[in-house]
Amino acid sequence: MQRSLRFLVVGDVHGRIDCVNGLKAWLRHSKTSIDASLVSGDLLNLPDHSTSAGIHAVARALGVGARSAMGAADLNDPQARATAAIHAQLEQKQSKDFAAMLNALRPLAPQLFFVPGNHDPWSVVSRLPSSGADATSAHPSSDAGNVHRTIRPVAPGLRIGGVGGSTTSAAVDSDATPTSNPIPGLTHDPASIIDPALDNLFRRIQSEPEGSYITMTHAGPSLLGTAVVDYTPWQAASAKDTGNRRLRSLLASQAFQPPDRFASSQGDKPRAHIVFHVHGHAHHSWGVSQLGAIPVINAGPLRDGRFAIVTLRPSNSLHERLRWTFESVSMHTLHIDTSASVICNGHDGGLSL
């Protein structure tokens, strides 16, 4: 008989290897066994060079398929070629740093699944084909467990799929009109890059409804509490939505909500079952929310010591198909001694849904 599964949910590490080591110590001290780690992006803390002309030029020069902010003729300019060469060297170093951070995270659990965030190397996103095929072998240490634009098995009857990158922030009180100071991201054009990737992912999930799915993105669903950031709530028009509208629309659609929530005309047709959704990106909006019947979890930034643990239990449907049920989530915080850059004892709280 299949036993329950326990997931470690982390994100927004931002290069804090000391926090990763502190989490290892916490798991060891608490004797908490984990079946898989879910990492929602921003393993590194790269500057916002990914939208500059230089990084787009090197993306084209390296053949990674990124849209270039410079024309092809620009690469004939010696200065442009020199800039591209510098960015190529930088990208190579960043890819190595990313792989090193993944290697530090892997011992936390037997399995690790991740999506890249807006402070991770562009190459981690661009290497994986949008068709959902397995990752290439060119960078095995960085590709293993990458669920960006693909679906991977987790356990019998359970799979995980995701989309990385971030979305332009928007003012909540102005019909989510993009602000003049967007949050830096891998892309500021979700209509041309992120949204099609989301459509493709959810289309694949809908076409294979057997079993259960975990979905994971870096930016969360638009206008949900775990994606809206408000640093000064006492001021008018201070809230910003860091989420993606298309993601919200997909998760909220009837195709992914249980039929008992509405008058279904599909009869006994199997429906895709998303057991929970994971995201990060909005550091100050950590917590748990719901979008219809789907729990949405933002564990908070591990750089601040925050993480979550989710437990799923197996259940058989009327048709004897193995499905998974969301049992509980507990939010945890490690105490960080910033002066010494070490992690001290942690405290936690639990929440069952």
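Which residues form one aromatic cluster with Phe 276? Select Phe 7 and Phe 326: together with Phe 276 they make up one aromatic cluster. Keep in mind that this is a predicted model.

Phe 276 and Phe 326 are both buried. Their ring centres lie 5.7 Å apart and their planes meet at 65°, so the pair is edge-to-face. Phe 276 sits in strand S10 and Phe 326 in strand S14 (residues 322-337), so this pair ties together parts 50 residues apart in sequence.

The count for the structure is 5 aromatic pairs. For another one, select Trp 26 and Phe 307. This pair is edge-to-face too, at 5.0 Å centre to centre with 70° between the planes. It links distant parts of the chain: Trp 26 is in helix H1 (residues 17-30) and Phe 307 in strand S13 (residues 306-316), 281 residues apart. Trp 26 is buried at 13% relative accessible area. Phe 307 is buried as well, at 0%.

**Helix H7**

Next, select residues 245-252, which are helix H7. Which residues of H7 are buried? They are Leu 247, Leu 250 and Leu 251. Look down the helix axis: these residues fall within an arc of 95°, so they line one face of H7. Why one face? An α-helix has 3.6 residues a turn, so residues three or four places apart point the same way.

Move to the N-terminal end of H7. Asn 244 caps it, with a side-chain oxygen 2.8 Å from the backbone nitrogen of Arg 246.

**Salt bridges**

Arg 246 lies in H7 and Asp 199 in helix H6, so the pair ties together parts 47 residues apart in sequence. Arg 246 is partly exposed, at 31% relative accessibility.

How many salt bridges does a search of the whole structure find? It finds 7. One of them joins Glu 208 and Arg 159, with 2.9 Å between the closest N and O atoms. Glu 208 is in the loop between helix H6 (194-207) and strand S7 (212-217), and Arg 159 is in strand S5 (residues 158-163), so the pair ties together parts 49 residues apart in sequence. Glu 208 is partly exposed at 32%, and so is Arg 159 at 24%.

Last stop: select Arg 303 and Asp 304. Their side chains meet in a salt bridge, 3.6 Å from N to O.

Terms used: Residues are numbered from 1 along each chain as its sequence is written. This is a predicted model: local features need pLDDT of at least 70, side-chain atom pairs count only at pLDDT 80 or more; totals for chains, interfaces and linings use all residues. Side-chain values use heavy atoms; hydrogens and water are left out. A salt bridge is a side-chain nitrogen of Lys or Arg within 4 Å of a carboxyl oxygen of Asp or Glu. Helices (H or I, at least four residues) and strands (E, at least two) are DSSP runs, numbered from the N terminus. Buried means under 20% relative accessible area, exposed over 50%, partly exposed in between (1.4 Å probe, protein chains only). The arc is that of the directions from the helix axis to the C-beta atoms. A polar contact is a pair of N or O atoms within 3.5 Å; within protein, one must be able to donate a hydrogen and the other to accept it, and residues adjacent in sequence count only if both atoms are side-chain atoms. Rings of Phe, Tyr and Trp (its six-membered ring) pair if their centres lie within 6.5 Å; planes under 30 degrees apart count as stacked, over 60 as edge-to-face and the rest as tilted.
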